[in-house]
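Hello,

Here is the structure I promised to hand over. Please have a look at it first; my notes follow below.

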Amino acid sequence: MQDYKYDNNIDKFPIAMAYVPWQEFDKLFDDLEEAYYAGTIFPCLDKPFTGRRCV
């Protein structure tokens, strides 16, 4: 593995790729306050963090 140094030669780094699926307009939260606390109006996107802290 090569050790990359911080320099201006960007040719050493690979191009990034992302996959973003299309969002389908589906059900909405019935309760606006519940949507506010979830951070989204779509229940299918309400994914609370269930991990743990790194120590």
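Start with Asp 46, which lies in the segment after helix H1 (32-38). Helices are DSSP runs of H or I with at least four residues, strands are E runs of at least two, and both are numbered from the N terminus. Asp 46 is partly exposed because its relative accessibility is 33%. Buried means under 20% relative accessible area, exposed means over 50%, and partly exposed is in between (1.4 Å probe, protein chains only).

Two notes on the source. This is a predicted model: local features need pLDDT of at least 70, side-chain atom pairs count only at pLDDT 80 or more, and totals for chains, interfaces and linings use all residues. Residues are numbered from 1 along each chain as its sequence is written, and side-chain values use heavy atoms, with hydrogens and water left out.

**The chain overall**

The chain has 1 helix and 0 strands. Of its 55 residues, 7% are buried. The accessible surface is about 6400 Å², and carbon and sulfur atoms hold 58% of that. These areas come from the Shrake-Rupley method with a 1.4 Å probe; for residues, only the protein chains shown count as cover.

**Surface patches**

Asp 46 belongs to a negative surface patch, together with Asp 30, Asp 31, Glu 33 and Glu 34. Patch residues have over 30% relative accessible area and no salt bridge; like charges are joined within 9 Å, nonpolar side chains (Val, Leu, Ile, Met, Phe, Trp, Tyr) within 5 Å. A salt bridge is a side-chain nitrogen of Lys or Arg within 4 Å of a carboxyl oxygen of Asp or Glu. Asp and Glu count as negative, Lys and Arg as positive; His and the chain ends are not counted. A charge is placed at NZ of Lys, CZ of Arg, CG of Asp or CD of Glu.

There is also a nonpolar patch on the surface: Phe 25, Leu 28 and Ile 41, with about 320 Å² of accessible area together. Phe 25 is exposed, at 67% relative accessible area.

**Aromatic pairs**

Rings of Phe, Tyr and Trp (its six-membered ring) pair if their centres lie within 6.5 Å; planes under 30 degrees apart are stacked, over 60 edge-to-face, the rest tilted. The count is 2 aromatic pairs. Phe 25 and Phe 42 have ring centres 5.5 Å apart and planes at 85°, so they are edge-to-face. This pair links distant parts of the chain, 17 residues apart: Phe 25 sits in the segment before H1, Phe 42 in the segment after H1. Phe 42 is buried, at 14% relative accessibility.

Tyr 36 and Tyr 37 are edge-to-face too, because their ring centres are 5.5 Å apart and their planes are at 75°. Tyr 36 is exposed at 65%, and Tyr 37 is exposed at 64%.

Best regards
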